[in-house]
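Here is a set of questions and answers on one chain. Look at the structure first, then read on.

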Amino acid sequence: MTALLLLSSVAACGSDSEEAPKNVSAKAAALGTLTPGVIKVAVQPYAPYTSVQGDKIVGLDGDILAYAAKELGLEIKPQVTDFAGMLAGVQSRRVDITIGGVAWSADRQKQGLFTDPPYYSPPAMAVRSGKTYKTVDDLKGLDLGTVEGYVWVKSIQSVPEAKLHAYPDATGVFDDLGAGRVDVGFLDPLIIIAAQKERPELKISTQYLTPPTAAEVKAQPDYQYFQPYQTGFYLPKQATKLEKAISAQIDAMYANGEMAKLVEKYGGDPEQFLKPSADVATARRGVDRPQDWTPPSVGQ
């Protein structure tokens with residue numbers, strides 16, 4: 001999901017002042033959230049990563065943040081918007097954080113802060129049953145769909161003779177895929193796995209693209225988004241204390257097995273979701289992490 005212009009949808013994130021909850025701990029107050037003891041979270045409906053039920057964020061990212069917030073003594077306040085509003089809300093500091101499959105990128109980190117990766121996302125494709133695509137070459141000349149603003153937009157635009165179909169949300173991708181108007185949809189893997197179960201009439205399957213080689217990416221840099229990407233929780237530039245505190249909780253969840261349990265809860269394989277590819281560390285070292293930074297991984 002690539003960097004976006006600040007769109008008018010930032011208004012969806014709201015900026016109403018809130019009273020701090022009673023009995024806020026000194027530790028929580030020191031984190032510098034917009035309202036002491038409260039963490040305002042911009043999310044979009046993106047099950048099974050994020051959805052809001054009542055005043056609670058549920059899904060993989062929601063559960064990860066809930067664990068961290070509990071450890072830090074923070075009360076979660078969700079604000080529902082779209083993906084553009086999520087990014088804009090952070091970049092204008094109208095919220096404390098946004099979560100839900102947000103990909104780290106060098107451009108995006110210039111306008112905000114990223115936590116350590118809560119998980120890594122392999123390049124998944126929603127494909128009509130009976131069709132098989134394995135490499136970027138297999139995608140040439142096809143109709144390829146994704147959601148507006150996602151990292152795959154740039155990659156798709158770089159595939160020779162392929163036609164980009166960009167949608168406001170994943171539902172549009174699946175609808176057109178099922179109707180035969182799109183050959184392949186690029187979305188986060190848990191989204192595709194969930195759609196297979198919930199919408200069997202679409203007759204789609206989940207496939208994983210063989211990542212392009214280093215030589216292919218060098219020749220066509222935007223192919224990098226067809227490689228596994230690292231997600232992160234995204235915060236305003238000013239939120240340095242909060243970012244460090246949440247990153248520490250994420251790292252602890254890898255170590256104590258909690259992250260693997262949550263990935264499995266939502267149908268993911270920890271071996272795919274919780275082990276970084278070789279370029280994860282090199283992408284961030286000297287950019288927004290120290291030169292000796294090691295990304296979290298299961299089995300360390």
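**Questions on the fold**

Q: Is Arg93 buried, partly exposed or exposed, and what is its relative accessible area?
A: This is a predicted model. Buried means under 20% relative accessible area and exposed means over 50%. Arg93 falls in between, so the residue is partly exposed, with a relative accessible area of 30%.

Q: Where does Arg93 lie, and what is its phi?
A: Arg93 lies in the loop between helix H3 (83–91) and strand E5 (97–98). Most residues other than glycine have a negative phi. Arg93 is not a glycine, yet its phi is positive, at about 55 degrees.

Q: Which loop holds Lys203, and is Lys203 buried or exposed?
A: Lys203 is not a glycine either, and its phi is positive, near 55 degrees. The residue lies in the loop between H7 and E12. Exposed means over 50% relative accessible area. Lys203 has 59%, so it counts as exposed.

Q: Which residues does the cis peptide bond at Pro48 join?
A: Most peptide bonds are trans. Pro48 is found in the loop between strand E1 (38–43) and strand E2 (51–53). Omega is about 5 degrees for the cis bond, which joins Ala47 and Pro48.

Q: How many helices and strands are in the chain, and what is its radius of gyration?
A: The chain has 12 helices and 14 strands. Its C-alpha trace spans about 60 × 40 × 35 Å along the principal axes. The globule rule gives 19 Å for 300 residues, and the chain comes close to that, so it is as compact as a globular protein of that length. The radius of gyration is 19 Å.

Q: What percentage of the 300 residues is buried?
A: The accessible surface of the chain comes to about 13,000 Å², and carbon and sulfur atoms hold 50% of it. Among contacts with a separation of 6 or more, 71% come from residues 24 or more positions apart. Buried residues make up 53% of the chain.

Q: How many bridges join strand E8 to E12?
A: Strand E8 covers residues 124–128 and runs antiparallel to E12. Ala124 has Tyr208 as its bridge partner in E12. Met125 stands opposite Gln207 in E12. The number of bridges joining E8 to E12 is five.

Q: Which residue in E11 is the bridge partner of Met125?
A: E8 also pairs with E11, in the antiparallel sense over three bridges. Four of the five residues of E8 are buried, so the strand is largely enclosed by the rest of the structure. On the E11 side, the bridge partner of Met125 is Phe186.

Q: What distance separates the C-alpha atoms of Tyr150 and Phe186?
A: Tyr150 is found in the loop between strand E9 (143–147) and helix H5 (152–157). Tyr150 has a relative accessible area of 1%, so it counts as buried. Along the chain, Tyr150 and Phe186 are 36 residues apart. Their C-alpha atoms are separated by 9.1 Å.

Q: How far apart are the end C-alpha atoms of helix H2, and which residue follows H2?
A: H2 has 13 residues (60–72), and at 1.5 Å a residue they should span 18 Å. The end C-alpha atoms are 19 Å apart, which agrees. Buried residues of H2 include Ile64, Leu65, Ala68 and Leu72. Following H2, with a positive phi near 75 degrees, is Gly73.

Note on methods. Residues are numbered from 1 along each chain as its sequence is written. This is a predicted model: local features need pLDDT of at least 70, side-chain atom pairs count only at pLDDT 80 or more; totals for chains, interfaces and linings use all residues. Side-chain values use heavy atoms; hydrogens and water are left out. Two strands pair if DSSP finds at least two bridges between them. Helices (H or I, at least four residues) and strands (E, at least two) are DSSP runs, numbered from the N terminus. The radius of gyration is taken over C-alpha atoms; the globule rule is 2.2 Å times the number of residues to the power 0.38. Buried means under 20% relative accessible area, exposed over 50%, partly exposed in between (1.4 Å probe, protein chains only). Contact means heavy atoms within 4.5 Å. Accessible areas come from the Shrake-Rupley method with a 1.4 Å probe; for residues, only the protein chains shown count as cover. The expected span of a helix is 1.5 Å times one less than its number of residues.
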